[in-house]
Amino acid sequence: MDTPTSTPATTPATTPATTPATTSLTALAEDVRERVLRLAEAASAVDAATALSEDATLRLRSDDGTVTHLLRRDGAGTLVGYAQLVGRAPAAAGTGTADVEGELLVDPAARRRGHGRALLEAVGEAAPASRVLLWSHGDTPGARALAASAGWRRERELLRMERPTAGLAELEVPALPPGVVVDAFRPGADDEAWTALNAAAFAGHPEQGRWSVQDLRLRLAEPWFDPSVMLLARAPGGALVGFCWMKVEPAAAELYVLGTAPAHAGRGLGRALLVRGLRAVAARADVPPGVELYVDGDNAPALRLYERLGFTRAAVDVQYASR
């Protein structure tokens with residue numbers, strides 16, 4: 001997307017704010033990033049849902065001009081709302097206008113004062129020629145009401161499913177296809193091959209299939225990353241044909257990404273990898289109490305797989321579209 005060069009309403013830094021204002025920036029100072037994260041923590045606690053996704057949190061660090069940050073301040077100059085926008089390529093090269101996607105949140109203590117609607121209007125001004133897609137984490141009543149009042153429609157649902165780690169060690173381990181072996185990810189050596197396989201496995205996915213090597217390496221640098229629970233399936237000759245990446249933190253483990261090469265789809269490799277990943281989590285000394293995952297609500301084959309492995313639906317995130 002084209003980065004805006006003006007703002008819907010900008011308050012000069014040297015003049016105390018007297019009316020609420022929304023500022024558009026393409027990079028944030030460290031202290032502002034920290035205030036946005038604290039705002040997201042407050043919203044997460046009240047809404048019982050993660051207000052700012054991992055992708056959006058990582059993009060807070062971006063200063064390459066590809067991310068638009070919208071900051072909403074009240075009359076006293078206090079940050080009370082935040083929206084983030086990033087462009088994505090059209091479904092087919094040369095067709096249509098690229099969508100813009102992002103997230104929007106408002107301080108729970110400042111809600112019902114027009115800040116959400118003002119941010120939503122600023123989002124439209126920042127991307128006037130594009131369809132905009134915004135996530136509502138937790139499908140909150142406030143987000144539903146705001147979307148309805150502005151004429152936005154539900155575009156997509158992302159389910160969060162969970163199950164306890166108790167019993168994972170007893171799961172029957174499916175056989176692998178002939179000649180396929182499983183080993184751990186090797187940072188540096190496997191980066192490019194994994195990125196290429198991820199792009200092929202998720203070619204039609206609106207987010208996952210667009211990961212670059214840099215996107216991967218940002219996550220490899222996170223404190224939670226552990227290559228021993230990022231399992232790779234290799235065909236004879238060493239080519240990657242599948243992967244199961246688990247993210248383990250004290251509160252819960254997460255099925256971070258599960259994918260197979262298109263030629264191996266529907267042959268049981270995904271299930272074989274997932275069971276091995278779940279058992280690897282269960283074998284850890286620091287095994288958390290539960291495992292969670294996210295899946296599109298219309299992905300019937302994946303839902304059947306997860307339900308057969310004991311996962312149940314726990315929450316839903318909704319993506320709203322401007323048109």
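**Ground rules.** I am looking at a predicted model, where local features need pLDDT of at least 70, side-chain atom pairs count only at pLDDT 80 or more, and totals for chains, interfaces and linings use all residues. Residues are numbered from 1 along each chain as its sequence is written, and side-chain values use heavy atoms, with hydrogens and water left out.

**His264.** I started with this one: its relative accessible area is 17%, so His264 is buried. I found it in the loop between E10 and H7. (Helices, H or I with at least four residues, and strands, E with at least two, are DSSP runs numbered from the N terminus.) Setting aside neighbours within four places in sequence, I noted Val241 and Leu269 as contacts of His264; contact means heavy atoms within 4.5 Å.

**The sheet.** Next I traced the strands. Twelve of them make an open, mixed sheet, ordered E1-E2-E3-E4-E5-E12-E6-E11-E10-E9-E8-E7. Strand E1 (21–25) and strand E7 (181–184) are at the edges with a single partner strand each, so one side of each has no neighbour in the sheet. Pairing here takes at least two DSSP bridges between two strands. From one strand to the next, the twist averages 25°. I then checked E2 (residues 67–73) against E3 (residues 79–87): they run antiparallel and are joined by seven bridges. Arg72 has Gly81 in E3 as its bridge partner.

**Helix H3 on the sheet.** Helix H3 (residues 115–126) packs here, touching E1, E2, E3, strand E4 (100–106) and strand E5 (132–136), and its direction makes about 160° with that of E4. Such axes are lines fitted to C-alpha atoms, for helices over the stretch in contact, and angles run from 0 to 180 degrees between N-to-C directions.

**Helix H8.** Which residues of helix H8 (residues 300–308) are buried? I listed Ala302, Leu303, Leu305 and Tyr306. They span an arc of only 160° around the axis, which puts them on the same side of H8; the arc is taken from the directions from the helix axis to the C-beta atoms. On the face turned away from that buried side I saw exposed Pro301 and Arg308. The cover over the buried residues of H8 includes strand E6 (153–164), helix H7 (269–282) and strand E12 (312–321). H8 lies across E6, E10, E11 and E12, at about 165° to E11. At the start of H8, a side-chain oxygen of Asn299 comes to within 3.3 Å of the backbone nitrogen of Ala302. After H8 comes Gly310, with a positive phi near 95°.

**Cores.** I counted a nonpolar core as buried Ala, Val, Leu, Ile, Met, Phe, Trp, Tyr and Cys residues joined through side-chain atoms within 4.5 Å. The largest has 47 residues, and Trp194, Trp245, Leu274, Leu278 and Tyr306 have the most contacts inside it. Strand E9 (residues 240–248) gives the largest share, seven residues. Apart from this core lies another, of 18 residues, including Val100 and Val318.

**Two positive phi values.** Ala48 is not a glycine, yet its phi is positive, near 55°. I placed Ala48 in the loop between helix H1 (30–47) and helix H2 (54–59). Asp139, also not a glycine, has a positive phi of about 50°. Buried or exposed, Ala48? Ala48 is exposed, at 70% relative accessibility, whereas Asp139 is buried, at 14%.

Terms used. Buried means under 20% relative accessible area, exposed over 50%, partly exposed in between (1.4 Å probe, protein chains only). A polar contact is a pair of N or O atoms within 3.5 Å; within protein, one must be able to donate a hydrogen and the other to accept it, and residues adjacent in sequence count only if both atoms are side-chain atoms.
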